[in-house]
Amino acid sequence: MKGLAKSFYYAFRGIFTAIKNERNFRIHLVCMIYMYFFLLRYDFFEVSRTQFAIIFLANAMVVAAELINTSIEASVDLYGEEYTNNGKIAKDTAAAAVLVTAIFAVLTGIAILFQPAAFKELFAYATTHISFIISFIISVVIFTIFIFFGIGKKEK
């Protein structure tokens with residue numbers, strides 16, 4: 001049982017390392033936070049359980065691809081600046097995998113969440129609730145700082 005607990009500890013440590021060191025991971029994370037907040041907090045969008053499952057899968061694919069990309073980049077970087085053409089190929093194709101999953105996730109989101117009536121309701125709500133607008137602006141500032149400056153000291 002101790003080994004299982006350690007494996008979870010290492011896995012969570014990997015996630016927190018990615019949050020701390022990878023700007024693109026933080027971008028994906030912030031996009032997901034906003035999306036889930038608006039889907040779960042407000043009733044503007046109609047999303048079935050199956051559609052939620054599809055959104056969860058698309059998000060999981062992006063996060064997993066980003067983590068794998070980070071591990072490949074770190075592994076190749078062990079060789080320093082002298083990595084071979086194969087190292088470049090490994091890094092580029094891992095980044096491409098993230099791009100493909102992110103595009104898939106965006107297209108999935110568009111397919112499920114393109115509901116013009118919901119966006120009109122959300123806009124109408126925002127324009128009549130100044131606290132919503134202020135909170136949103138504050139969150140954008142905080143998340144922008146989080147994305148570009150991260151948290152804590154970066155690991156090398």
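On one side of helix 6, Ile130, Phe148 and Phe149 are exposed, exposed meaning over 50% relative accessible area, buried under 20% and partly exposed in between (1.4 Å probe, protein chains only). This is a predicted model, in which local features need pLDDT of at least 70 and side-chain atom pairs count only at pLDDT 80 or more, while totals for chains, interfaces and linings use all residues. Residues are numbered from 1 along each chain as its sequence is written, and side-chain values use heavy atoms, without hydrogens and water.

The buried residues of helix 6 are Phe132, Ser139, Phe143, Phe146 and Ile147. Seen down the helix axis, they fall within an arc of 90° (taken from the directions from the axis to the C-beta atoms), so they line one face of helix 6. Their cover includes helix 1 (2–21), helix 2 (23–41) and helix 5 (116–128), where contact means heavy atoms within 4.5 Å. Helices are DSSP runs of H or I, at least four residues, numbered from the N terminus. Just after helix 6, Gly150 has a positive phi of about 70°.

Rings of Phe, Tyr and Trp (its six-membered ring) pair if their centres lie within 6.5 Å; planes under 30 degrees apart count as stacked, over 60 as edge-to-face and the rest as tilted. By this rule there are 16 aromatic pairs. Phe37 and Tyr42 pair edge-to-face, at 5.8 Å centre to centre with 85° between the planes. Phe37 is partly exposed at 40% relative accessible area, whereas Tyr42 is buried at 9%. Phe38 and Phe132 are also edge-to-face, at 6.0 Å and 65°. This pair links helix 2 to helix 6 across 94 residues.

Conventions:
Helices (H or I, at least four residues) and strands (E, at least two) are DSSP runs, numbered from the N terminus.
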